[in-house]
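Trainee: Hi, I've just opened this one and could use a hand. Can we go through it together?

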Amino acid sequence: MTDDGVREAFGVDSGGNAVHCHTLAAPGVRARVLTYGCVLQSLEVPDLGGTFGNVVIGLDTMEDYLTRSRYFGAVVGRYGNRIAGGSFTLDGREHHLPRNNGDASLHGGPGGFSNRVWTVESAGPAALTLTRVSEDGEEGYPGRLTARVTYTLSGGPEGSEVRIDYHAVTEAPTHVNLTNHSYFNLDGGPDVLDHELTLDAAHFLPVDEGQIPTGELAPTAGTPFDFTTPRAVGARIRDDHPQVASAGGYDHCMVFSSPAGELRPVGRLRGPRSGRVMEVLTTEPGVQFYSGNKLADHVWGPGSGLCLETQHFPDSPNRPEFPPTVLRPGQEYRSTTVYRFTAQAPADERAEGVRQAQGEDTEWR
């Protein structure tokens, strides 16, 4: 580690490029960010008793990120989420993308932003800005795109937060949809079934067997997708609702009721054991809520963490009825998401009761 305690070597990627880790800190929050994929490797905040703990899934070595990562903490793009058929037509020209998720292109393809080493533009004790140029044709996307991501930590008596600002410009028309793919676990326990979630989302996007939106905007009321009032993540995760059953849990875009564009609160997650509370604010129109259904290796099992990936909708390039994701020369892509942390009294018995009803030795199937 260097004398200022901010930057240290972390290893090399598969192409031999050096990867570094930057440590950031502000009152009530500490983070480690890798230049590889803009990965948020760790994010530490205090519990109700003041003890700091990591609330995101991270890996220990560069080799782990090359072989075991499920986009842990990474910035995904050019297009976060799925594009059906690995193709889209823009201004009359068809563009073909790698199909790395069945018949779909997922998170920008295997050579997407999450698997690239970014350049540090500026670094300080509590902020880090990383940039990269995605050349015309990279992973099939048109236009030479210059992207910038800034992590900023801040904190005080009322809580702490990590703010992520995304910016991009292009030299030719293209599609852009950037997001952070952190898996959150506020308690550090074996799963997040008892975490209490609230989302300002009166609608969600049903998907087909390939996890591609059907185009329908379905109401959440009366379904397992209704988190408009606080509910434990596991309360209805085994319901026979076809959308939950086919995904093995949640892996759906939740559509916010409030209009996009302005930074506003859209969600809240509470850990019942630690007392940690995470509020989500974003400028985006939706969030991909993923309950970690397919996590499985010798360390992290299914449901070990959940993702709240603020973003535009999946497959928007092929869905003119969805909010547009086209970026043209002369325009600026801007998006902001804030994860704000506090600690409150332990969760009520309703969330904890889900675990008791299901048994302490909960299995995901």
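Trainee: Which residues is Phe289 in contact with, leaving aside its neighbours within four places in sequence?

Mentor: Its contacts (heavy atoms within 4.5 Å) are Leu197, Phe227, Val233, Tyr250, Asp251, His252, Met254, Leu306, Cys307 and Leu308. Keep in mind that this is a predicted model, where local features need pLDDT of at least 70, side-chain atom pairs count only at pLDDT 80 or more, and totals for chains, interfaces and linings use all residues. Residues are numbered from 1 along each chain as its sequence is written, and side-chain values use heavy atoms, with hydrogens and water left out.

Trainee: Got it. How many residues are in the largest nonpolar core?

Mentor: That core has 56 residues, and Phe289 is among those with the most contacts inside it, along with Leu43, Tyr151, Met278, Leu308 and Phe341. A nonpolar core here is a set of buried Ala, Val, Leu, Ile, Met, Phe, Trp, Tyr and Cys residues joined through side-chain atoms within 4.5 Å. Buried means under 20% relative accessible area, exposed over 50% and partly exposed in between, with a 1.4 Å probe and protein chains only.

Trainee: And which strand gives the most to this core?

Mentor: Strand S13, residues 145–156, with 5 residues. Strands are DSSP runs of E with at least two residues, helices are runs of H or I with at least four, and both are numbered from the N terminus. There is also a second, separate core of 16 residues, which includes Phe10, Val39, Phe72 and Tyr290.

Trainee: Changing topic: how many aromatic pairs are there?

Mentor: The count comes to 12. Rings of Phe, Tyr and Trp (its six-membered ring) pair if their centres lie within 6.5 Å; planes under 30 degrees apart are stacked, over 60 edge-to-face, and the rest tilted. Take Tyr183 and Tyr290: their centres are 6.2 Å apart and their planes at 70°, so this pair is edge-to-face.

Trainee: Where do Tyr183 and Tyr290 lie?

Mentor: Tyr183 is in strand S17 (residues 183–184) and Tyr290 in strand S25 (residues 286–290), so the pair ties together parts 107 residues apart in sequence. Tyr183 is buried at 2% relative accessibility, and Tyr290 is buried at 8%.

Trainee: What about Phe225 and Tyr250, how far apart are their centres?

Mentor: Those are 5.4 Å apart with planes at 85°, so that pair is edge-to-face. Phe225 and Tyr250 are buried. Ring pairs also link them with Phe204, Phe227 and Phe289 into a cluster.

Trainee: Which residue lies over the face of Phe227?

Mentor: Arg231, at 5.8 Å from the ring centre. The rule asks for NZ of Lys or CZ of Arg within 6 Å of the ring centre and within 35 degrees of the ring normal. Arg30 lies over the face of Phe52 in this way, at 4.1 Å.

Trainee: One last thing: is strand S12 mostly covered or mostly uncovered?

Mentor: Mostly covered, as 6 of the 8 residues in S12 (127–134) are buried. Strand S11 (residues 119–123) pairs with S12 in the antiparallel sense over 4 bridges, where pairing needs at least two bridges found by DSSP. The two form a hairpin with 3 residues between them.
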